[in-house]
Amino acid sequence: MRSAGILMHLSSLPSPWGIGTMGAEARGFVDFLQQAGQAVWQTLPVCPTSYGDSPYQTFSTFAENPYFIDLDLLRADGLLKKEEYAGLSWGEDPAVVDYGALYRLRFPVLRKAFARFRENLPADYDDFCWEQGDWLEDYALFMALKEAHQGAPWYQWEEDLKRRRPEALAQAKLQYGDDIFFWKALQYLFAKQWNDLKAYANERGIVMFGDLPIYVAMDSSDVWTHPEWFELDENLEPVEVAGCPPDAFTADGQLWGNPLYRWDAMKNDGYDWWVRRVGHAFTLFDKVRIDHFRGFESYYAIPGKDKTAKNGRWRPGPGLPFFRTLERRLGKLDIVAEDLGYLTEAVHRLVEESGYPGMKLLQFAFDSRESSDYLPHRYGYHCVVYAGTHDNDTIMGWMNTAPKEDAEFARKYLRLTKEEGANWGMMKSVWASVGDLAIVTMQDLLGLSSEARMNTPSTASGNWRWRMLPGQASAELAERIRENMELYRRIVTD
C-alpha cells in the first residue's frame, strides 16, 4: 500500500517552554498530518539524552526523555501552577532548543510537580512500576546516583557502586529513596502523556514510527546494570568500541565509542535483553526503524583505548537467527532496516532474508562519478524512500553545498526548476517513486537551508537543536502536500 509520512522529532515542535513536548502542539501536528494526507509520523529515539544532547547517546534504552513531558498538561492535572514555569527563560531563540537552559530549569520545575504527584498517587502507578520492573528500578537508582555524583559516569563511582555490590545498592536505595521515587514518577508521567498522544494519532489514522539505535551509551543504566552483555574487561572498561572504518569522507573513520555486545553470551540467553528492548519499543511505536542494520551481519570493532577508528576490524554479528528469535518471541514486527552506508553482498542478503524493507536515500543518488543504487529508477516496491534523514543536510542546503557536478546531475535527472524550488522537485520524486512508503523531513517541506539541519555526523556540538516556529505547519502547506499525495496516489483510504 502506497503511503507517506513526515520525519520530525518531538523536540522540534513549537512550545513556549524551550522544547517540543507531548502537549497541544503535538496534537496540532497530528491534525496537520491528517489534513496533509499523511499516514506516518516518524520521530527520532525518545530516550533521555546525555552529553551532547544526542537521542542516540542516552542514559537508558528503556526510559523516555522527561524534557518531552508537557508542562501545560501537568498544570491541567493539578501538578503545576503556571507561574512556576511561565516566567522562566527557556531560551532566547524559538527556532532552536537551548539545552543548557533546559538542563538548569526543567528538573526543578518537574520536582515541584512531583511533590504534588506523590501526595495523591494515581491508582495505576504501582501497576506501571510493576509492569516496567525489569528496568525501571535500576534506571531510577542510576539517575539518583548520577545526581549524587554531580553527573559523573557510573564507571567513575566508588568501586562498590560501580560493581553493584548488594550491600552498597541496598544502602543507596535507602539513602536516595526520594530521588528514586522522583525518577520513577517522571517515567509514569511520560508514559501517560505518550499513550494519550499515540491514541490521538492512531484514531486519526496516523502511524507512530520510532527509531531504535543498535548500540547503547557506555554511561547508561543498561551497561551499568548488565555489564555481562558487553565487551568490558575486568576493570569494566571497553575492550573494543563501535564505529565506522575510514572512507573517502573521513580519513580516520568514525569513533562512536559505544561498548560492543557479547553476542555469544546474548545468544546463550536467548537474546532475552534484546527481546525485552525491542518489545518495549513496540509498546511506544507502531513501526520501528533499527539503526545501523548492517551491524547485525558484521560490525566494526575498534580497540577501546584508540583515539581514531583506523585500527578497527570487522567481526561477525548475530545474523538472521537473531531476527528469527525476535519474531518467534514477539510475533511479526513492523521493522524498517536502516541499510545505508558501506554494504556487502552478505548485508544485502540479510536484509532480503529478514523480509524488512530497507531505505533509499535520494541525496545519495547523485554522485556524478559513478552509478548509484539510490537513483529512483533502480528502486523496488519494498522500501522506504527518503530525500534525506536527520543525518543529512536539508535539500536546499545540499543543493548549495554539494559538488557542482552532483547538483547539476540532480537538476537534470529530477528536472528541477527555480520556480518550483529544488525542495519540492526532489520531494515529488520521492513521492512519485515506486517505494511503498515515502518520508520527507519537515525542514524540506518548509524549504529551509543548512541552518535547519538536525545533525552533522562526527561533530560534537550544535546538533539536535532545530525547531519549527508556530504557524509554519499551516493549512495552506497541508493542502499543497495533500494535492501531491492525491497526484502520486499516496492517500491511504479505508
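By class, how many nonpolar, polar and charged residues does the lining of the second largest pocket have?

A: The lining has 13 nonpolar, seven polar and six charged residues. (Ala, Val, Leu, Ile, Met, Phe, Trp, Tyr, Cys and Pro count as nonpolar; Asp, Glu, Lys and Arg as charged; the others, Gly among them, as polar.) This is a predicted model, where local features need pLDDT of at least 70 and side-chain atom pairs pLDDT 80 or more, while totals for chains, interfaces and linings use all residues. Numbering starts from 1 along each chain as its sequence is written, and side-chain values use heavy atoms, without hydrogens or water.

The second largest pocket has a volume of about 530 Å³. Its lining counts 26 residues, and Met1, Ser3, Ala39, Val40 and Val492 are the closest to its centre. (On a 1 Å grid over the protein atoms alone, a pocket is an open set of points with protein on both sides within 12 Å along at least five of seven lines; a cavity is a set where a 1.4 Å probe fits but cannot get out; lining residues have an atom within 4 Å of a point. Points join across faces, edges and corners, and volume is the space filled by probe spheres set on them.)

Now the strands. Ser3 falls in β1 (3-7), and Val40 in β2 (residues 40-42). Both strands belong to an open sheet of eight, in the order β9-β6-β3-β2-β1-β12-β11-β10, with parallel pairing. (Strands are DSSP E runs of at least two residues, helices H or I runs of at least four; pairing takes at least two bridges.) At the edges stand β9 (335-337) and β10 (358-361); each has a single partner strand, so one side of each lacks a neighbour in the sheet. From one strand to the next, the twist averages 25°. Strand β2 runs parallel to β3 (residues 207-212), joined by three bridges. Gln42 has Phe209 of β3 as its bridge partner.

Two helices come next. Helix α8 (residues 177-203) packs on the sheet, touching β2 and β3, at about 130° to β3. Helix α16 (residues 422-432) lies across β1, β11 (383-386) and β12 (437-441), at about 160° to β12. (Contact means heavy atoms within 4.5 Å; axes are fitted to C-alpha atoms, for helices over the stretch in contact, with angles from 0 to 180 degrees between N-to-C directions.)

The structure holds six cavities of 30 Å³ or more. Of its 18 lining residues, Thr389, His390, Thr441, Gln443 and Met454 are the closest to its centre. That lining has five nonpolar, ten polar and three charged residues.
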